[in-house]
Amino acid sequence: MSDLLRLATAGSVDDGKSTLVGRLLYDTKSVLADTLDAVHRASADRGLSTPDLSLLVDGLRSEREQGITIDVAYRYFATPKRSFVLADTPGHVQYTRNTVTGASTAQLGVLLVDARKGVIEQTRRHAAVLALLGVPRLVLAVNKIDLVDHDEATFSRIAKEFTAHATALGYPDDAVVTIPVSALAGDNVVERSDRTPWYDGPTLLEHLETVPVDVDPHDAPFRFPVQYVIRPRTADYPDYRGYAGQVAAGTVRVGDEIAVLPDGLRSTVTGIDTADGPLDQAASGQSVTLLLAHDLDISRGDLIAGAAVPPRVTDEFDATVCWLSEKALTPGARVLVKHGTRTVQAIVTHLHTRFDEQNLTTVEDPGTLTLNEIGQVTVRTTTAVPLDDYTKSRHMGSFLVIDAADGSTLAAGLVGDPLSTITRDVALAGVP
């Protein structure tokens with residue numbers, strides 16, 4: 001089991017998400033004294049008798065004044081059992097794009113619902129986004145359980161409805177957990193509540209500390225996007241040529257045969273350098289400099305991959321895109337595609353379908369894709385790029401769509417057709 005868990009929280013407006021995250025930080029003693037003093041002062045200025053724990057998360061001034069979350073707030077905390085990187089994402093529909101950002105690297109998603117409202121449109125939208133991004137595990141925190149008198153029947157109804165929706169999205173039963181909580185009172189967040197005697201499951205923190213974590217497999221095909229070519233040309237290192245970057249997937253060892261893509265050049269790894277000295281091997285997530293047996297024409301944007309199982313190299317591919325811009329997408333749009341460390345010019349030649357995340361169906365030939373919508377497209381690039389399907393590699397199967405005119409991000413893209421997996425699972429589940 002990994003000692004680090006990356007999680008993302010999401011929920012609708014006023015579900016108490018920031019308060020829940022603040023409660024986690026407060027009860028795990030992960031808040032600095034001066035930060036806590038600032039929260040006490042801000043709460044007193046509002047006329048509150050107890051600290052408003054949401055202020056521990058809502059760091060932007062506009063968020064504090066409005067009482068909402070706009071940006072993705074990353075928080076780091078730890079317990080004796082595990083360390084956590086938490087992405088607190090916004091609840092407003094217009095900020096769904098930030099949920100995509102926060103969930104893109106998450107190993108677990110925590111969705112909040114208000115016990116008085118149950119599963120609503122935004123809950124289903126967030127669950128669909130998490131499923132599409134391949135977040136492997138979900139927690140539904142039924143918050144404000146105290147406002148429905150800790151009613152077991154209300155909790156059971158919400159849990160049943162959400163579990164059915166998650167199952168339709170392809171989640172197995174053991175990947176979804178539902179917990180009744182009160183972020184304000186602290187019920188079942190860190191400490192077990194005696195006001196829910198009918199609930200015999202874990203508290204939220206207990207679950208976060210013990211849930212199995214799916215780590216990047218080190219036996220996956222090796223992928224290494226080149227970030228920088230190191231050529232010191234000094235008296236000590238007159239002929240040194242190293243290729244710096246971070247291992248995106250798999251493992252590389254001294255002596256391994258590699259391919260440099262998209263050109264298809266071959267060589268052998270002769271050394272692996274780091275700031276702390278040489279290594280015999282490097283695995284996913286490590287930043288290293290590779291030395292090769294041959295002097296090859298390699299530059300930033302190239303991909304060094306295991307020669308035995310290289311990715312496909314193509315100038316046209318299908319992808320699912322989460323549209324993040326107020327500027328609508330139409331077929332024929334000219335854009336930039338950033339994949340790994342390579343950025344190329346491209347055209348979105350076809351817009352095939354739009355995903356209806358409420359009914360878990362697709363709309364054929366929608367014509368346009370607007371802010372927060374998800375669709376299936378075909379992209380043609382001016383030069384070939386090495387790609388893995390997103391379902392096989394979250395790192396090498398993802399890309400950004402960028403506006404060539406102003407450099408703004410238009411969409412997050414997933415190579416392949418993960419939408420078809422969701423719609424197939426919905427059909428198998430018999431969801432109308």
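**Salt bridges, cores and a helix**

Visitor: Let's start with Arg342: buried or exposed?

Guide: Arg342 counts as buried, because its relative accessibility is 16% and the cut-off for buried is under 20%. Keep in mind as we go that this is a predicted model.

Visitor: Which side chain does Arg342 meet in a salt bridge?

Guide: The partner is Asp302, with N and O 2.8 Å apart.

Visitor: What is the relative accessibility of Arg223?

Guide: For Arg223 the value is 3%, so this residue counts as buried. Asp388 is buried too, at 14%.

Visitor: What else does Asp388 touch?

Guide: Leaving out residues up to four places away in sequence, Asp388 touches Arg223, Pro311, Ser393, Met396, Gly397 and Val415. Its C-alpha is also 9.7 Å from that of Leu414, a residue 26 places away in sequence.

Visitor: Switching topic: which residues are linked with Lys144 in a network of salt bridges?

Guide: Asp114 and Arg116 are linked with Lys144 in that network. Within it, Arg116 and Asp114 form a salt bridge whose closest N and O atoms are 2.8 Å apart.

Visitor: How do they come out, buried or exposed?

Guide: Asp114 has a relative accessibility of 1%, so it counts as buried. Arg116 comes out at 49%, which means that it counts as partly exposed. Lys144, at 18%, is classed as buried.

Visitor: Where is Lys144 found?

Guide: Lys144 is in the loop between strand S5 (138-143) and helix H6 (152-168). Beyond its neighbours within four places in sequence, Lys144 contacts Asp14, Asp15, Gly16, Asp114, Ala115, Arg116, Val181 and Ser182.

Visitor: On to the nonpolar side: how many residues has the largest nonpolar core?

Guide: The largest nonpolar core holds 40 residues, and Leu133, Val142, Phe162 and Tyr171 have the most contacts inside it. At least two residues each come from strand S1 (4-11), helix H4 (96-103), strand S4 (108-114), H5, S5, H6 and strand S21 (409-415). H5 supplies the largest share of this core, 6 residues. The core also draws at least three residues from each of domain 1 (4-210) and domain 3 (312-429). In soluble globular proteins, nonpolar side chains tend to be buried together.

Visitor: Which residues does Phe162 touch?

Guide: Not counting residues up to four places away in sequence, Phe162 touches Leu111, Val119, Thr123, Ala127, Leu138, Leu140 and Val176.

Visitor: Tell me about H5: how many of its residues are buried?

Guide: H5 is mostly covered, with 10 of its 12 residues buried. The buried ones include Thr123 and Ala127, along with Gln122, Arg125 and His126. This helix covers residues 121-132 and spans 17 Å from its first C-alpha to its last, close to the 16 Å expected at 1.5 Å a residue.

Visitor: What comes just after H5?

Guide: Just after H5, Gly134 takes a positive phi of about 80°.

Visitor: Last one, the big picture: how many helices and strands does the chain have?

Guide: The chain has 8 helices and 21 strands. It has 432 residues, and 53% of them count as buried. Of the contacts between residues at least 6 apart in sequence, 70% join residues at least 24 apart. The chain exposes about 19400 Å², with carbon and sulfur atoms supplying 49% of that area.

Technical notes: Residues are numbered from 1 along each chain as its sequence is written. Side-chain values use heavy atoms; hydrogens and water are left out. Helices (H or I, at least four residues) and strands (E, at least two) are DSSP runs, numbered from the N terminus. The expected span of a helix is 1.5 Å times one less than its number of residues. Buried means under 20% relative accessible area, exposed over 50%, partly exposed in between (1.4 Å probe, protein chains only). Contact means heavy atoms within 4.5 Å. Accessible areas come from the Shrake-Rupley method with a 1.4 Å probe; for residues, only the protein chains shown count as cover. A salt bridge is a side-chain nitrogen of Lys or Arg within 4 Å of a carboxyl oxygen of Asp or Glu. A nonpolar core is a set of buried Ala, Val, Leu, Ile, Met, Phe, Trp, Tyr and Cys residues joined through side-chain atoms within 4.5 Å. Domain bounds come from an automatic or database domain assignment.
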